[in-house]
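This report describes the fold of one protein chain and then looks at some of its details. Please keep the sequence and the structure in view while reading.

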Amino acid sequence: MTAPHFPYPPVVVGDDADPDGPRDAPGDDGYDRPTEGPAAGPDQDPPDGRTDPADPATGTGSSEGGEADEPEEPLDSADVIRGLADLLGGATIGLGDVRVRGQNATGHGAVAIGTVNVTTAGADGTGRIWYESLSGNEVGELAQGYAPTSSDQQLDRHLKRRHLVCLSGPSASGRFTSAVLATARRHGLDRACVLGAEQPADLLGSSERLPAGRGYVLRLADSAANAVDGFTLVALAARAEATGMTLILVGDFSRRGQDLAGHVVEHRVPPAVEVFRARLRQQLAGLCVGWCPDGCDGTCVERYVDDECVTHPLLSAYLAGEPRPGEVVPVVELIARTVPHGPALTERLEQLLPRQLRERAAQILDAGRPDGPDGVDAWAADRARAFRLTCAVLAGQPVAEIDQAARRLAGTDLTGTDLTGTASVGPRLRGPELDTLLGSTLRQAVVVVGDEGAAGGRRIEFGAGSEQLRSTLLEVAWTDWWLPGQLLGWLADLVRSDVPGIRQAAAGAIGWSAGRDVRAALETVGDLARERRAGVRQAAAIVLVAMAMQPGLRQRVRTELDQWAAGPAAHLRDTVARAYGLGLARLWPDAALVQLRLVAQARMQRRNNSVVRGLVEVYRDGHAATLVPELVDWTASDDPEVRLHAARTLRVLADRWAEPPREHWPELLDLVRRRIVSPGDVAALWAVALGMPQTAYRSWRTLGFWLNRADGNPEVAAHCVALLRHVIAGRPPLRHRLDHQVRHVWRPIMPRNDLLDAVHALIDEDLS
């Protein structure tokens, strides 16, 4: 359900104004955007040089001059961890959703659709819209290997009532297969189609004509899913209804659940063991795997799947970890290829996958081998090898950026020659040149995606199922081709890039290297953490997260963070806070609270949200009962910086709303209702946030929005009034400020809000 609009004025006169100035555009995450560097504003260090000078070598000062031209790149901890998982071996060789354009389009996972009817819709020649008509046989085969999930029935019910549904789930979770089969159940096996478009809004063009009476599935990238707006959904639903077709948008809508309420169905991943059973039975259908003496009746397949495979200790442990369907599929295919039994199955599982993957990576990097399928002329081997490794490090980045980074690694000037040795290589590599650089083996594992926004118009991504090849390429490069110091120096140079995506990708690779040489990695990340540029320190924090994701390195990382947080170097302390905000708070919530308080004492943090992000991460991980009392203790600190961060954190937490079906509750208030946090503690935090000049403006706005949404919900309204009673009790200045807000700010904006009468009565009650 979309939150009702609260038309708060952009500027409030008098003592209600925030000395920092009104911040009406805090960003999607609700954080303020303080300037990274000396700038005017009472909440920032004065620009006249009165702050402590910063030492570029040690980062011991609190000033951050020179950062004003590089705003902080907002990152979500879940996105960071998800991006590092594949590189660090968190996922096995798995196949997920594959998105390929044109007549070579393939379907879900390892299932090639085969011969399909590919049609480009639209007469404007843009080519932005295409669709594939799937054959009934292919959809039937897809259904045979599909493990049903509890969300299938919910999806069917939604499709009976409406013509457009958003199916939300993570990549490689089986969401695409679920959507295709839902359209087949709705319209028939031969009337399911896969639709291609950059944005859902592209389907609204007057020239776009799709055959009526069919079901269409459109896969959306995360950026496109986050950009979908309600008006587009309404317009698409109307067009689908008018033509009698069904449209399912498949993507990760987890951040849009409340905005798009009523349109979103959450895909529930089936148990991994059921995915394994269904896929293996399909692969072995019609085969005899038990040497049946009197003719095979198919029971040997059931015995092999249930008694030999599912109960195998290695497979049982693997499936108990609930890998995604896209990760289970290739394991099934490896088993079905030779149907190994007993010790052969064990040997297959223990040796075949890692050995084959390393051999494949060695073949890719051995670009100078004349008898190899991926070899090039000897003089070009170094460049090709560097390019292939750079693809593993910078997967998802533009081709031109990958080529430039590879030239640095190979020691080639950026204006060097191409593979023919004669022509100059500009920012755009031609198709044959790119294919030669990649080689046939790596070319099969990557997808070259057309992207008008990317330099050179193309990006290189590893195809679903080839993610683990990235870390294996790094492993082979580390042991066989480059010295560790050379690789780390190159990666550190990439971290200092001006492109956020390159910084973050290179940081993940440095974190991976810590599993091979932790001392060298710590020295590298220490140098990066002392940098004056906020983006580089953010990348250093990603390195620390990547290191901590490896259990054997956690104690070393913890020790390093303890020293940095307690030390005098302001930039190192800021990196500690950033690391907790990007995921380490999930691992060490107790240490986060201790170390973030040390970091919060630095004046440098007046201009940063690093501490607040770390505290919010502790809260998001289910530790509200610990965090809220700790913040109350911060409000009693003698250090004004610590009190400021407690108030800032309350303001961010107050912007969060409970999950459905209680989405009309402020999340903090719902925690009070459930007695997870104390009303007195929450009131104490509100009192500080409402009374502190740096946070008062936004806090009063948020409180007014609470009252706006609570009006008409008696239970929420009662808890709001009870909380306000705690807030103003014994605090006359806040009582007068609340009276001012009701009379001169909220009442003119919300003249029909009956809850304001109860709030005003509360003020009078306190006055008496």
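A residue counts as buried if its relative accessible area is under 20%, and as exposed if that area is over 50%. The model discussed here is predicted.

**Overall make-up**

The protein contains 31 helices and nine strands. Of its 768 residues, 53% are buried. Among the contacts with a separation of 6 or more, 73% are between residues 24 or more positions apart.

**Aromatic pairs**

A pair of aromatic rings is described by the distance of the centres and the angle of the planes. Four aromatic pairs are present in the structure. One of them joins Trp-478 and Trp-512, with ring centres 6.0 Å apart and planes at 80°. Planes over 60 degrees apart count as edge-to-face, so this pair is edge-to-face. Trp-478 belongs to helix H15 (residues 467–481) and Trp-512 to helix H17 (residues 500–513), so the pair ties together parts that are 34 residues apart in sequence. Trp-478 counts as buried because its relative accessibility is 10%. Trp-512 is buried too, at 4% relative accessible area.

Another of the pairs consists of Trp-700 and Trp-746, and this pair is tilted, with 6.0 Å from centre to centre and 50° between the planes. Trp-700 sits in helix H28 (residues 693–710) and Trp-746 in helix H30 (residues 732–749), so far as the sequence goes 46 residues apart. Trp-700 has 1% relative accessibility and therefore counts as buried. Trp-746 is buried as well, with a relative accessible area of 0%.

| Residue | Relative accessible area |
|---|---|
| Trp-478 | 10% |
| Trp-512 | 4% |
| Trp-700 | 1% |
| Trp-746 | 0% |

**A buried serine**

Ser-178 is part of helix H4 (residues 175–187). Is Ser-178 buried or exposed? Its relative accessible area is 1%, so Ser-178 is buried. Apart from neighbours within four places in sequence, the residues in contact with Ser-178 are Tyr-146, Asp-152, Leu-155, Leu-167 and His-267.

**Two packed helices**

Two packed helices are described by the angle between their axes and the distance between the axes. Helix H20 (residues 554–566) and helix H22 (residues 589–600) have axes that come within 8 Å and cross at roughly 30°. H20 is therefore roughly parallel to H22, as angles under 35 degrees count as roughly parallel. The crossing of H20 past H22 is left-handed.

Which residues of H20 and H22 meet? From H20 come Arg-558, Leu-561, Asp-562, Ala-565 and Ala-566, and from H22 come Ala-591, Gln-595 and Leu-598. Five of the residues in this contact of H20 with H22 are nonpolar, one is polar and two are charged.

**Two backbone details**

Most residues other than glycine have a negative phi, and most peptide bonds are trans. The peptide bond from Pro-660 to Pro-661 is cis, with omega near 10°. Pro-661 is in the loop between helix H25 (640–654) and helix H26 (667–673).

Arg-675 is not a glycine, yet it has a positive phi of about 60°. The loop that holds Arg-675 runs between H26 and helix H27 (679–691). With a relative accessible area of 78%, Arg-675 is exposed.

How values were computed: Residues numbered from 1 in each chain as written. Predicted model: local features only at pLDDT ≥ 70, side-chain atom pairs only at ≥ 80, totals over all residues. Heavy atoms only, no water. Axes fitted to C-alpha atoms, helices over the stretch in contact; angles between N-to-C directions. Helix = DSSP H or I, 4+ residues; strand = E, 2+ residues; numbered from the N terminus. Parallel < 35°, antiparallel > 145°, perpendicular 65-115°, else oblique. Left-handed = near helix turned anticlockwise from the far one by under 90°. Contact = heavy atoms within 4.5 Å. Nonpolar A, V, L, I, M, F, W, Y, C, P; charged D, E, K, R; others polar. Buried < 20%, exposed > 50% of the residue type's maximum accessible area, 1.4 Å probe, protein only. Phe/Tyr/Trp six-rings, centres within 6.5 Å; stacked < 30°, edge-to-face > 60°.
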